[in-house]
Structure formats: C-alpha cells, structure tokens
Amino acid sequence: MRAVVFEEFGGPEVLEVQEVPEPQAGPGQVRIKVRAAGVNPIDFKVRRGWTKGFIDPVLPAVPGLEVAGVVDQVGEGAEFAVGDEVAGWSDGGSYAEYAIAGNVARKPAGVSWEQAAGVPVAGETAQRVLDLLGVKSGETILIHGAAGAVGSVAVQLAKTAGLTVVGTASTANHDYLRSLGAVPVEYGEGLLERVRAAAPDGVDAVFDTAGQGGLQESIELRGGTDRIVTIADFAAAELGVTASMAATATPAEVRAALGAQLQAVADGTLTIRVAETFDLADAAKAQELSESGHARGKIVLAL
C-alpha cells in the first residue's frame with residue numbers, strides 16, 4: 001500500500017510516499033480503508049523529534065493520529081463489521097491507504113469523511129481541557145487560538161456549557177468566531193488591554209491552544225497560574241502553567257465521547273470547519289501549513 005513515511009527526523013522534506021506492507025488488525029482492532037486522515041500540530045512535532053520521551057516513533061514511521069474510513073478487516077473482539085464507516089485514532093499512522101485502529105466510533109450518515117477525520121483529536125482535547133479547568137455555566141473563559149481546529153471546538157463546547165467565551169485570533173477570523181458565539185480579540189501587542197475590555201469582570205479560566213505567546217498575559221489576567229492550561233506552549237513548565245498533552249479518560253469513555261461528538265456534527269450542533277484538503281502525495285505541504293499556525297480550521301488528507 002502507499003503510505004507517507006519519514007525515515008529520519010527533520011523538516012517536511014523528510015516525508016515521502018513509499019510502498020509499505022499492509023497492516024493487519026490485531027485483537028480489538030479494525031483495519032480501515034482510509035478515506036481521510038487528520039493533520040495535527042503533534043504530527044510535525046513528532047517528525048521534528050521534539051516529542052522524545054513522550055512520543056518516540058520507531059523509524060521509519062508513518063505519521064497521523066486521526067482516521068476516517070471503511071472497516072475492511074476485523075480483529076478478534078472488535079465490535080465492528082466489514083463495511084462499517086468509522087472514525088477514530090490510528091494505532092500505527094493514518095497517512096496511508098490502510099490504517100489500524102482500536103479506538104473508533106461509527107460515522108453517522110451526513111458527516112463527510114473530512115469532517116469525521118477532524119473530530120477525534122480536537123474533540124477529545126477540547127473536552128479534556130475544559131474538564132481539567134473545571135469550567136461551569138456563567139463563567140468566562142479565554143481561549144487562545146480560538147479559530148483553529150481545537151480552539152473552535154472548545155469555543156462551541158464552552159458555549160454549550162453556558163460560558164462566555166473570549167477568543168484570540170487574527171482579524172480575518174473574527175467574523176467566524178462571532179458566528180460560533182465568541183467575543184473575538186486580536187492577539188499580539190496590547191492583548192492584555194483588549195481582553196480586559198472584552199471581559200471587564202475578568203476571566204475565570206484560560207485555555208491556550210496556540211502555543212504562540214499569551215501565557216504571561218494570561219497569568220496577569222488570572223492573578224496567578226491557577227486554571228490556566230496549555231496544550232501547545234513549551235514554556236509552560238518554567239512559568240508554572242499546567243500542560244495537558246494526553247488523554248486522561250478511559251478508552252471506553254473516549255470512544256463514547258467521540259460517538260456523541262460525531263452525532264453532534266450530524267445534528268448540526270457542532271461545526272467542524274475544514275480549512276484545506278490535500279492529496280496523500282502532498283502531506284509535506286499539509287504539515288507546512290499546520291506548522292505555520294495560519295490554518296483556519298482542520299487540515300485533512302483525502303484519499
């Protein structure tokens with residue numbers, strides 16, 4: 001099968017399409033004929049070798065965590081059948097014609113492959129951090145990078161939970177954030193004053209999805225590091241800010257939440273905005289866009 005592979009750590013130029021053996025489903029797993037694979041910031045961080053000690057890929061490696069497609073092989077004990085349409089987390093890389101997965105949920109009719117591939121990581125991450133922050137109805141949350149894949153889902157989940165949301169984004173994304181119910185503010189110099197003007201009663205929690213500054217201002221807004229969580233800023237530890245990088249729920253809980261979020265997309269109560277779709281052969285370009293931090297929504301490989 002065709003798959004995107006990197007044999008050494010480095011820039012996007014180390015990614016290349018190769019012919020590799022088809023994976024086989026093990027106990028509790030399914031093999032998926034991939035229709036779409038999500039592209040996430042963790043993908044380029046792994047490729048650059050920045051996640052050693054947390055994620056240590058065995059080279060050569062196939063990137064990709066998110067997958068959506070059709071089950072074509074079922075391992076012992078897996079609760080799916082050949083032909084089921086599913087989405088979830090790949091166990092060995094999703095930038096390929098076939099992927100193995102254990103944590104998947106059925107894709108509802110009406111949800112596109114690209115949308116389905118954009119739910120697992122963003123949905124799990126957004127809900128995990130909101131739970132970690134202990135947010136509740138009536139509070140105000142500041143979300144950095146609110147127009148991105150994780151940020152936009154977090155905005156919607158927070159609004160559904162009854163929160164007021166202030167979101168940082170470039171001016172070009174302000175109308176989009178307003179459509180989701182957030183109060184947009186421009187990031188960069190003067191951020192502190194703009195957030196205070198948007199939330200004169202203060203912010204109760206801060207969720208940083210961008211990793212591009214803003215933690216120091218967030219600490220000043222909060223009067224300390226309490227109830228500030230980042231998923232992207234490597235300066236978190238030296239600032240005393242909590243970083244959350246991995247799922248804390250059980251696999252069964254994660255699968256149940258994924259199924260509910262996919263259904264919410266089908267029902268129109270959760271929006272997954274696909275920023276751009278690339279062919280498998282253009283995975284390097286997809287990761288370049290992801291690394292730029294300028295994607296307006298989810299980046300997806302379509303097969």
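User: What is the volume of the largest cavity in this structure?

Analyst: A probe the size of a water molecule, rolled over the atoms, shows where empty space is left. Here the volume of the largest cavity is about 30 Å³, and the structure holds 1 cavity of 30 Å³ or more. A cavity is a set of points, on a 1 Å grid over the protein atoms alone, where a 1.4 Å probe fits but cannot get out. Points are joined across faces, edges and corners, and the volume is the space filled by probe spheres set on them. This is a predicted model, in which local features need pLDDT of at least 70 and side-chain atom pairs count only at pLDDT 80 or more, while totals for chains, interfaces and linings use all residues. Residues are numbered from 1 along each chain as its sequence is written, and side-chain values use heavy atoms, with hydrogens and water left out.

User: Which residues line the largest cavity?

Analyst: A lining residue has an atom within 4 Å of a point. The lining consists of G118, A149, S152, V153, I272, R273, G297 and K298. By class, 3 are nonpolar, 3 polar and 2 charged (nonpolar: Ala, Val, Leu, Ile, Met, Phe, Trp, Tyr, Cys and Pro; charged: Asp, Glu, Lys and Arg; polar: the others, Gly among them). Helix α4, residues 149-160, gives the most, with 3 residues. Helices (H or I, at least four residues) and strands (E, at least two) are DSSP runs, numbered from the N terminus.

User: How much space lies in the second largest pocket, and which residues lie nearest its centre?

Analyst: A pocket is an open set of points with protein on both sides within 12 Å along at least five of seven lines. The second largest pocket holds about 210 Å³ of space. Of its 14 lining residues, E124, Q127, R128, D131 and A249 lie nearest the centre. Helix α3 (120-133) and helix α9 (251-267) each supply at least two lining residues, and the largest share, 6 residues, comes from α3. The lining divides into 6 nonpolar, 4 polar and 4 charged residues.

User: How many residues has the largest nonpolar core?

Analyst: In soluble globular proteins, nonpolar side chains tend to be buried together. A nonpolar core is a set of buried Ala, Val, Leu, Ile, Met, Phe, Trp, Tyr and Cys residues joined through side-chain atoms within 4.5 Å. Buried means under 20% relative accessible area, exposed over 50%, and partly exposed in between (1.4 Å probe, protein chains only). The largest core has 46 residues, and I141, I143 and F207 have the most contacts inside it. A second, separate core of 17 residues includes V4, V39, A283 and L289.

User: Which residues of helix α10 are buried?

Analyst: An α-helix has 3.6 residues a turn, so residues three or four places apart point the same way. In α10 (residues 283-292), the buried residues are A283, A286, Q287, L289 and S290. Seen down the axis, they fall within an arc of 155 degrees, so they line one face of α10; the arc is that of the directions from the helix axis to the C-beta atoms. S290 counts as buried because its relative accessible area is 11%. Leaving aside neighbours within four places in sequence, S290 is in contact (heavy atoms within 4.5 Å) with V39, N40, P41, F44 and I299.

User: Which residues of helix α6 are buried, and which are exposed?

Analyst: In α6 (residues 191-198), L191, L192 and V195 are buried. They cover an arc of only 100 degrees around the axis, which puts them on the same side of α6. On the other side, E193 and A197 are exposed.
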